[in-house]
Amino acid sequence: MPSVKIVEVARVAMPATAALPPGESSLLRLSALDAPWLLIPLIQRVLIYDGQLPPFASLVGSLHESLTATLARFPPLAGRIVFLPSTGNAAIDCSGSELDGGVRFLVAEMDEADAEKLAGDADHDVDTFQQLLPELDASALPAEVLAVQVTRLRGGVAIGVALHHAVVDGRALWMFLEAWAAACRGDTAAVEPSFDRAAIALPGGEELTRSTLRKYMPNLPQVRSTLRSLL
């Protein structure tokens with residue numbers, strides 16, 4: 001079985017021009033709708049490209065630069081999910097103040113894996129695909145929201161992403177990927193994301209969120225121990 005070799009680990013920081021909601025602090029509190037998803041497994045996707053591509057080093061540079069531009073529009077993805085013990089809330093900290101802030105950006109090589117075969121096989125090589133994904137630890141808070149891995153394959157390249165489900169759902173994932181692809185092409189994505197917490201009006205407000213966290217994750221900031229007890 002082919003094995004992956006990580007050749008570089010970098011960080012993509014959130015730009016100072018990031019589009020946080022007007023008048024808001026750098027903390028975006030999770031709602032009661034978001035909170036249960038702290039327990040749910042990550043969203044993971046692998047995109048494989050083959051055929052005529054730019055040199056790998058040039059491609060990596062373009063992806064890194066365009067990711068920086070995209071994070072200006074999606075600042076929560078460069079943040080951390082944190083526990084606020086003074087209130088019992090959980091929030092996305094977009095300040096970049098956490099140690100090793102920003103998005104982990106891994107560059108890797110798996111030259112024994114053929115891009116065309118991986119993309120075309122009806123029965124996917126699950127073990128190989130798993131190696132094309134970056135690790136993202138969701139067992140405790142603070143937790144990263146997004147990690148990216150760009151892997152050189154024989155005849156192509158793979159882009160693997162892992163995202164925390166408490167911040168991103170399936171539609172938001174594709175909004176982000178479409179915006180990143182547009183930035184890499186030098187275009188502007190048509191859809192603008194909104195992070196306005198005031199748009200989520202639930203009966204009970206923050207107290208409902210806190211009670212949801214206490215019910216499903218009584219051991220915060222630890223998450224994994226709670227998840228195991230539910231399985």
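Throughout these legends, buried means under 20% relative accessible area, exposed means over 50%, and partly exposed lies in between (1.4 Å probe, protein chains only). The views show a predicted model, in which local features need pLDDT of at least 70 and side-chain atom pairs count only at pLDDT 80 or more, while totals for chains, interfaces and linings use all residues. Residues are numbered from 1 along each chain as its sequence is written, and side-chain values use heavy atoms, with hydrogens and water left out.

**View A. His164 and the residues around it.**
Is His164 buried or exposed? With a relative accessible area of 1%, His164 is buried. Leaving aside residues up to four places away in sequence, His164 touches Trp37, Leu38, Leu42, Ile81, Leu136, Ala138, Ala143, Glu144 and Val145, where contact means heavy atoms within 4.5 Å.

**View B. The salt bridge of Glu144 with Arg104.**
Glu144, one of the residues touched by His164, also forms a salt bridge with Arg104, with the closest N and O atoms 3.1 Å apart. The term stands for a side-chain nitrogen of Lys or Arg within 4 Å of a carboxyl oxygen of Asp or Glu, and by this rule the count comes to 11. The pair links distant parts of the chain, 40 residues apart: Glu144 belongs to strand S7 (residues 143-144) and Arg104 to strand S6 (residues 103-114). Glu144 is buried at 13% relative accessible area, and Arg104 counts as buried at 15%.

**View C. Asp114 and Arg154 joined by a salt bridge.**
Here the closest N and O atoms of Asp114 and Arg154 are 3.7 Å apart. Asp114 lies in strand S6 and Arg154 in strand S8 (residues 146-154), so this pair ties together parts that are 40 residues apart in sequence. Asp114 is partly exposed, at 24% relative accessibility, and Arg154 is partly exposed at 43%.

**View D. Arg210, Glu207 and their salt-bridge network.**
The side chains of Arg210 and Glu207 meet in a salt bridge of 3.2 Å, N to O. Arg210 counts as buried at 17% relative accessibility, whereas Glu207 is partly exposed at 38%. Because they are three residues apart in helix H5 (residues 205-216), about one helical turn separates the two. Salt bridges with shared partners join Arg29, Glu206, Glu207, Arg210 and Arg214 into one network.

**View E. The largest pocket.**
This pocket holds about 600 Å³ of space. On a 1 Å grid over the protein atoms alone, a pocket is an open set of points where a 1.4 Å probe fits, with protein on both sides within 12 Å along at least five of seven lines; lining residues have an atom within 4 Å of a point. Grid points are joined across faces, edges and corners, and the volume is the space filled by probe spheres set on the points. Of the 26 lining residues, Val167, Val168, Asp169, Ala172 and Arg197 are the closest to the centre of the largest pocket. Helix H4 (residues 170-185) gives the largest share of this lining, four residues.

**View F. The second largest pocket.**
The volume here is about 310 Å³. Tyr49, Leu63, Ile159, Ala181 and Cys184 lie nearest the centre, among 14 lining residues. H4 supplies the largest share of this lining, seven residues.
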